[in-house]
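Dear colleague,

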Amino acid sequence: MPEASGRTDAQVRADRLGIFLDELANLERQQVLALTPEQRASVESFTERTLQDLTHRYDIDVNSSQKQLSLGMRIVSALGGLALCAAVFLFFYRFWGVIPTMGQVTILVGTPLLGLAAMHFTSRHERTLYFTGLIGLVVFASFVLNLVVLGQLFNRISSPNAFLAWGALALALGYAYGLRLLLAVGLICWLTFFSATIVSLSGAWWESIYSRPECVLLGGALIVVTSIGLRHRKHEAFPGTYRLVGLLAVFLSLLTLWHAGADSFLPFEPKSIERIYQLIAFIAAAFTIWAGIKHHLSGTVNLGAAFFTICLYLKFVDWWWDWMPKYVFFFVIGAIAIGLLLAFRRVRSAIA
Amino acid sequence: MRRSGLLVAAAVVVLTNGVVLLEVAHNRARAVETIQMMERELPLTSPGKEDTGISVHLHWLRLDYIGSDYSWLDRSKLQELGFDLARAKPDPLHLPSPRPAFIALETTAPHGRNGGKRLLSRGLEPTPKYPRASSQSTLQPDRTRCCKNILTVADT
């Protein structure tokens, strides 16, 4: 058996061992398999030793109770991170007026640097990185506050370049400690920077990115392509985060353009543009499902299927909502859902 | 990996702040004149219960506040500012995006506008503006200041 290369691998291996022991006990109960006392002792000793080793090295969960507790700890760390961010903000809000300008600048620059030092300290004393992740969120929030307040203090014009810096910090921390939440935050920041820069180049004010969904669409597509090209040997879960952020950006942009053809850069009639993007939305959803199945990416398949269903229902609304009685409309939707379920069941049986 | 990632993060914080502070220093170093403003133009923002920060805001009157006559900002001027009005006309729900332009602010308003009633009770009013900074030569130097701002075409 190869050495577990990381915490995720270690958890997968521990889960497999647990399933193996359960199935072994089941087979023995049904008298399909009978181990000699020596064999049993050898298996139990091996599994116990392996689980202890994995737990010692990676702090993994070896039973369902521990897993539930870990989930709770993740939720608590996220909520704690948010609460700490609010505390930092409100603390400075309360005492800001009595601090001279030089002191304000020192505090603004020093807080994220202090947070980075705290991250370094906690990461050396814990294996699960719950506290490190929590401090990472505080560092990111304090850096956002840093630039926003500096801008207000010295009356600077808002600029999309801030998102470049925020994204760089979040990505550096995400990659350094394998924190997916910070990776997602960093990607969203860079997506905003990319989209806002394109909007600026078109001559409009950068904050009107919400009225130019094609810029976000292009940025999202770039993130998805990057997830294919970038190799993540150390952080195996990162490509999934790239795909999630990128595909969500693409799908949300397509949904916006579904009824807002006038917001497009394309030089056609708004109605024609809307029809083009509706077609692209269906193709994108189908392609996502196909690619997800081909590369065994269950999350991508689910996301593609959810988007396909939303597109389908939106089209039904476009076609039937105005002229069909509402009860007939919902009856037809329900009937189509049942039809789809039957079709999927048949496909599932054919695959098995 | 962790150490290098942490160093990159620290470098991002230090470099970004360095660039911002250098720009601030550069901006302040080239001030050509100082404008004395009163609380009329720069009123204090009322602080919240737990807010000790002091901030002022430039009070300037907008079309939707005063209902002034903005007929001077006609089609040709808006086109000169870069707004595509021909495209905006058939679809009033999707007006052109806001864009940066130079505008001028009049610090003291002449009396007698709007049927003798003074429009500027307090604050600054945008006067006939120009998309290029060089056009400010036509403004009255003692009363007007040119600045960059964001213009939005409203559906009226």
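**Salt bridges and their surroundings**

D318(A) is partly exposed at 32% relative accessibility, where buried means under 20% relative accessible area, exposed over 50% and partly exposed in between, with a 1.4 Å probe and protein chains only. This is a predicted model, in which local features need pLDDT of at least 70 and side-chain atom pairs count only at pLDDT 80 or more, while totals for chains, interfaces and linings use all residues. Residues are numbered from 1 along each chain as its sequence is written, chains are lettered from A and ligands numbered from 1 in the order in which they are written, and side-chain values use heavy atoms, leaving out hydrogens and water.

Over all chains there are four salt bridges, each a side-chain nitrogen of Lys or Arg within 4 Å of a carboxyl oxygen of Asp or Glu. One of them joins D318(A) to K315(A), with the closest N and O atoms 3.8 Å apart; K315(A) is buried at 15%, and the two residues are three apart in helix α11 (residues 298-320) of chain A, about one helical turn. Helices here are DSSP runs (H or I, at least four residues), numbered from the N terminus.

Another salt bridge pairs K271(A) with E274(A) at 3.3 Å, N to O, and both residues lie in helix α10 (residues 270-294) of chain A, three residues apart. K271(A) is exposed at 54%, whereas E274(A) is buried at 9%.

R40(A) and E28(A) also meet in a salt bridge, at 2.6 Å, N to O. That pair links distant parts of the chain, with R40(A) in helix α2 (residues 37-58) and E28(A) in helix α1 (residues 7-29) of chain A, 12 residues apart.

Best regards
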